[in-house]
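The sequence and the coordinates come first.

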Amino acid sequence: MAKTVTTIPATLSRFTAAPINSTKKRRVAAYARVSTDMEEQLTSYEAQVDYYTNYIQSRDDWEFVSVYADEGITGTNTKHREGFKRMVADALDGKIDLIITKSVSRFARNTVDSLTTIRQLKEKNIECYFEKENIWTFDGKGELLITIMSSLAQEEARSISENCTWGQRKRFADGKVTVPFRRFLGYDRGEDGNLVVNQEQAKLVQRIYGMFLTGMSPMRIARTLTDEGIKSPGGSDHWNPSCVKSILTNEKYKGDALLQKSYTVDFLTKKKKVNEGEIPQYYVHGNHEAIIDPDTFDMVQTQMAARTPGKNRVSCVSIFSSRIKCGCCGGWYGPKVWHSNNKYRRTMWQCNHKFEGEKCSTPSLTEEEIREVFLRAANKAINEKDEILATYRDAVMPLLATEELEQEKTELESELNVVAELIEDCIRENAHVALDQAEYQKHYDSLVERFDKAKARHAEVSDLITERQARRQQIEMYLEQLQKRDLLTEFREEDWFSMVDYMTVAAKDDITVKFKDGTEIKA
């Protein structure tokens with residue numbers, strides 16, 4: 001018996017899932033994007049929006065939804081493309097049946113983003129049409145063509161990125177400096193595009209450097225500026241310690257400029273990384289007028305390098321934080337509130353480790369007692385300033401000399417260069433000549449050991465030089481101020497910060513104040 005096959009025609013569109021004879025209009029949206037906010041690009045952006053609005057509304061079988069757009073946004077990722085993300089969300093919520101865009105590159109310059117989004121939309125029966133390439137995503141060849149075109153768009157984005165990077169690095173190599181002037185304290189953009197001193201802001205920069213050199217930490221400086229209601233470079237009411245530290249370490253304040261401090265790792269994600277030697281940097285000397293003289297700037301860098309973190313790290317909860325040392329365990333004193341819930345409430349200073357392990361026997365002090373001790377010791381130092389100055393010149397200055405250490409550092413740097421070259425030669429020879437591997441390894445290990453030994457000593461010598469230079473600068477600045485001082489009649493924060501290194505408490509009647517020149521006076 002012969003088989004009979006009867007064809008049952010489809011009644012639903014496999015693209016829209018609607019009946020084939022349905023007169024329901026397709027809900028259509030368009031997407032437009034320009035990558036910069038330059039005037040010619042903005043004209044293109046407006047033209048895209050106007051064109052697609054009229055184009056969709058002119059079709060009787062289409063119902064206009066909206067034109068979604070992103071202005072001045074890159075297409076290499078979807079992170080900041082709010083218009084694109086809103087369009088996809090609306091489509092997935094069932095508000096759109098068809099999305100029209102100018103080209104694949106307008107939709108996305110990232111192959112993964114493009115295909116992921118298109119597949120996500122196809123699962124919900126939402127089609128995309130790319131006008132320039134004439135690609136419909138529901139067409140059998142659609143995804144293949146989109147994959148190819150998206151890859152080409154991504155490579156075009158890579159090429160554009162590399163060209164921009166080359167241009168920027170050429171500017172750096174030519175010594176052309178650019179900074180974010182809106183968030184850069186102390187300078188404005190000049191007519192030639194270079195940095196011009198903003199005299200009003202420059203006073204604040206100079207004050208920040210002065211505060212640091214008197215002994216205030218970046219956190220303390222930030223808190224002081226915040227309390228005084230001074231706006232940060234970004235226009236915020238709150239100053240961060242990192243912002244202060246950035247100002248204190250920025251070489252542009254001494255008239256120079258280090259270019260290419262960071263670079264873009266991936267053109268798709270726009271992720272940036274601090275340049276740690278991966279690509280060249282360029283240092284421009286004397287690029288613009290300085291706000292901070294080079295000697296003061298270098299002094300701040302030395303002081304900054306000498307401050308090291310640890311168990312008893314520098315704190316700035318109060319002006320007395322990290323300035324009062326326990327004579328029993330060597331830890332810092334901290335503030336403790338006594339009788340917090342009644343009228344006898346007061347703040348006392350005691351060892352932060354008083355009840356850890358063996359109990360410290362050192363006493364607690366009121367802030368008034370600390371002030372009185374400081375005034376007595378400071379006035380003793382002022383009375384003896386001629387003797388202190390003579391002692392520094394004759395005894396302390398030679399101990400802080402760095403000439404021999406700097407000579408040793410130079411020799412060690414030469415040794416490191418020589419050994420590094422020997423290691424390279426050793427590896428190169430082993431790669432090209434058949435050597436006894438046991439002998440090769442022995443020779444290689446001896447060179448590495450020699451290199452490591454020189455490197456460790458180089459780090460040690462560098463730390464010693466930094467420490468001595470910081471100490472010398474601190475003492476010289478202190479003695480210069482001490483020579484001008486008269487006896488103190490009242491406690492002032494400025495005097496406390498500029499004179500005291502720390503005080504050591506052994507007992508109520510046994511408190512020693514160590515001043516910044518190393519002088520210790522029992523008060």
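Is Lys 95 buried, partly exposed or exposed? Lys 95 is partly exposed, at 46% relative accessible area. Here buried means under 20% relative accessible area, exposed means over 50%, and partly exposed lies in between, with a 1.4 Å probe and protein chains only.

This is a predicted model, in which local features need pLDDT of at least 70 and side-chain atom pairs count only at pLDDT 80 or more, while totals for chains, interfaces and linings use all residues. Residues are numbered from 1 along each chain as its sequence is written, and side-chain values use heavy atoms, with hydrogens and water left out.

**Overall make-up**

The protein chain has 523 residues, and 39% of them count as buried. Its secondary structure comes to 14 helices and 18 strands. These are DSSP runs numbered from the N terminus: helices are H or I with at least four residues, strands are E with at least two. A contact means heavy atoms within 4.5 Å. Take the contacts between residues at least 6 apart in sequence: 62% of them join residues at least 24 apart.

**Salt bridges**

Side chains of opposite charge can pair when their charged atoms come close. The rule used here asks for a side-chain nitrogen of Lys or Arg within 4 Å of a carboxyl oxygen of Asp or Glu. It gives 18 salt bridges. Three of them are listed below.

| Lysine | Partner | N to O distance |
|---|---|---|
| Lys 95 | Asp 90 | 3.8 Å |
| Lys 231 | Asp 237 | 2.5 Å |
| Lys 252 | Glu 251 | 3.3 Å |

Lys 231 is partly exposed at 47%. Lys 252 and Glu 251 are both buried. Elsewhere, salt bridges that share partners join Glu 367, Glu 368 and Arg 371 into one network.

Helix α7 spans residues 218-227. Its buried residues include Pro 218, Ile 221, Ala 222 and Leu 225. Arg 220 and Thr 224 are buried too. Which helices do the buried residues of α7 pack against? They pack against α6 (199-213), α8 (241-249) and α14 (493-499). After α7 comes Gly 229, with a positive phi near 75°.

Helix α8 holds Ile 247. Ile 247 is buried, with a relative accessible area of 5%. Leaving aside neighbours within four places in sequence, Ile 247 is in contact with Leu 185, Val 205, Ile 208, Tyr 209, Pro 233, Trp 239 and Tyr 253. One of these, Leu 185, is 62 residues away along the chain. The C-alpha atoms of Leu 185 and Ile 247 are separated by 8.2 Å.

**Positive phi in two asparagines**

Most residues other than glycine have a negative phi. Asn 125 has a positive one, near 60°. Asn 125 lies in the loop between α4 (111-123) and β4 (127-130), and is partly exposed at 33% relative accessibility. Asn 134 also has a positive phi, of about 55°. Asn 134 sits in the loop between β4 and β5 (135-136).

**Cysteines**

How many disulfides does the structure hold? The count is zero, with a disulfide taken as a pair of cysteine sulfur atoms within 2.5 Å. For Cys 328, the nearest cysteine sulfur is that of Cys 360, 4.2 Å away. Cys 328 is partly exposed at 44% relative accessibility. Cys 243 is partly exposed as well, at 23%.

**The cavity**

Rolling a probe the size of a water molecule over the atoms shows where empty space is left. On a 1 Å grid over the protein atoms alone, a cavity is a set of points where a 1.4 Å probe fits but cannot get out, and lining residues have an atom within 4 Å of a point. Grid points are joined across faces, edges and corners, and a volume is the space filled by probe spheres set on the points.

The structure holds one cavity of 30 Å³ or more. The largest cavity has a volume of about 50 Å³. Its lining is made by Leu 213, Thr 214, Gln 474, Met 477, Tyr 478, Gln 481, Ser 498 and Lys 516. Helix α13 (residues 437-484) gives the largest share of that lining, four residues.

Definitions and conventions:
On a 1 Å grid over the protein atoms alone, a cavity is a set of points where a 1.4 Å probe fits but cannot get out, and a pocket is an open set with protein on both sides within 12 Å along at least five of seven lines; lining residues have an atom within 4 Å of a point.
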